Amino acid sequence: MMFPLNFWDISLLLAVTAIILLITSELLSTHYGKVNIIINKNRLKNTAITTSILFLTTVAIRIINLLIAP
Amino acid sequence: MGKNHMRTNSAKLVYSTLITTGAAAIALSIIFTSSILAFIGLGLLFWGIIFTYIRTEEYTKKSLLDATLTSQITTCNQIAQELDYKGTPIYLPPKYFKDTKTLKAYITKQKETKLPTPEQIQAQEHQTFLKNPPALLLTPLGAELTKLFEKILDTDFTRTNINYLQQKMPKLFIQDLEIAQNFEIEPENDIIHVKIQNFQYITPSKELDLSPSNSFALDSPFTSAIASALAKTTGKPVVIEKQQASQDGKDLTIDYRTLDEEA
């Protein structure tokens, strides 16, 4: 019994989620007049940024692995 | 009330279902070594957590706010009218009071009267009806809002300047309070122009009697709060010189004037 997803799969999942969250966050931004949707937009933005950073970290780890690997 | 309670419960049910299903799918994916189940599980778990985190804050219907506020504005207005106070509300800076956290508006009996001295106000700052000079000293409608602005910005307006307001107020109105699409402050000598676009809090004073004598009713809580903030920031008494609203009331232009003590 082991977890069936590898590091790269998680990275892909993070990438898809980050894109969805970033686009949603931007579309719901108060700067475009969307002031009537009642969700916590600051938290949505923070979540989107955090997920993006997590994805970029996985990419960085991958790149470092490629550089270090013989 | 019952409907609202049901809505909260159903929202909680959705979050918890997502999280539980996600966790179950991950557990099953480990047992059956299925990557598809793992993807579904992680996805559900992730979205469940995100929905729980970004869920709706506590909101109150605007119609309810208007209903509670309208009677207060009417009362202030009636007091001013009945007692024949004709002056324009002057938002006094903290130096007029012993307690610097006090925010008050001063309405004179006569239309054109000299500004009182800080000592005159300090001597009778706990009274509503002042005798010397004859005037009303009321807590403006936006006093608590000004305190909320300070709380959100984590500052005391008395320690800031007009540049600070120019930088911070747009963010406060657009991002933090989510009540307008654009907000500008432009000082020009003793006049400070404030422009608010797509303002979501249309003043309930629109439904009230807006005859020229009802100057106090014209000041909505937000215009009043901005006036109080300007009085605190500039350290000078402030009056609302001119207010203009678009047809739908969503675009506002307000001119505030700072008064010099000698005036």
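This is a predicted model: local features need pLDDT of at least 70, side-chain atom pairs count only at pLDDT 80 or more; totals for chains, interfaces and linings use all residues.
Helix 2 (residues 41-68) of chain A packs against helix 2 (residues 35-54) of chain B at an angle of about 145 degrees, the two axes lying 8 Å apart. On the chain A side this contact is made by A:Arg43, A:Leu44 and A:Thr47, and on the chain B side by B:Ile50, B:Tyr53 and B:Ile54.

**Contact between the chains**

- Chain A contributes 19 residues to the contact and chain B contributes 25 residues.
- On the side of chain A that touches chain B, the elements giving two or more residues are helix 1 (7-27) and helix 2 of chain A, and helix 2 of chain A gives the most, with four residues.
- The residues on that side of chain A comprise ten nonpolar, six polar and three charged.

**The sheet of chain B**

- Eight strands of chain B form an open sheet in the order 3-4-2-1-7-8-6-5, with antiparallel pairing; its edges are strand 3 (129-130) and strand 5 (182-188) of chain B, each of which pairs on one side only.
- Strand 1 (residues 90-92) of chain B pairs with strand 7 of chain B in the antiparallel sense over two bridges, and B:Tyr91 has B:Val238 of strand 7 as its bridge partner.
- Helix 8 of chain B packs on the sheet, where it touches strand 1, strand 6, strand 7 and strand 8 of chain B, and its direction makes about 145 degrees with that of strand 7 of chain B.

**Strand 8 and its partners**

- Strand 8 (residues 252-258) of chain B is mostly covered, with five of its seven residues buried.
- Strand 7 (residues 238-245) of chain B pairs with strand 8 of chain B in the antiparallel sense over seven bridges, and B:Gln244 has B:Thr253 of strand 8 as its bridge partner.

**Nonpolar cores**

- The largest nonpolar core has 42 residues, and those with the most contacts inside it are B:Ala227, B:Leu230 and B:Tyr256; helix 8 (residues 221-234) of chain B supplies its largest share, seven residues.
- Apart from this core lies another, of eight residues, which includes A:Leu21, A:Phe55, B:Ile50 and B:Ile54; B:Ile50 and B:Ile54 also belong to the contact of the two helices 2.
- Beyond its neighbours within four places in sequence, B:Ala227 is in contact with B:Tyr91, B:Val238, B:Ile240 and B:Tyr256.

**Helix 5 of chain B**

- Within helix 5 (residues 143-153) of chain B, the residues B:Ala143, B:Leu145, B:Thr146 and B:Phe149 are buried, and they lie on the same side of helix 5 of chain B because they cover an arc of only 165 degrees around the axis.
- The elements that cover the buried residues of helix 5 of chain B include helix 6 (162-176) and helix 8 of chain B.
- Just after helix 5 of chain B, B:Asp154 takes a positive phi of about 55 degrees.

Conventions: Residues are numbered from 1 along each chain as its sequence is written. Chains are lettered from A and ligands numbered from 1 in the order in which they are written. A residue is buried if 20 or more other C-beta atoms lie within 10 Å of its own, exposed if 12 or fewer, and partly exposed in between; C-beta atoms are placed from the backbone. Two strands pair if DSSP finds at least two bridges between them. Axes are lines fitted to C-alpha atoms, for helices over the stretch in contact, and angles run from 0 to 180 degrees between N-to-C directions. Two residues are in contact if their C-beta atoms, placed from the backbone, lie within 7 Å. A nonpolar core is a set of buried Ala, Val, Leu, Ile, Met, Phe, Trp, Tyr and Cys residues joined through C-beta atoms within 7 Å. Ala, Val, Leu, Ile, Met, Phe, Trp, Tyr, Cys and Pro count as nonpolar, Asp, Glu, Lys and Arg as charged, and the others, Gly among them, as polar. The arc is that of the directions from the helix axis to the C-beta atoms.
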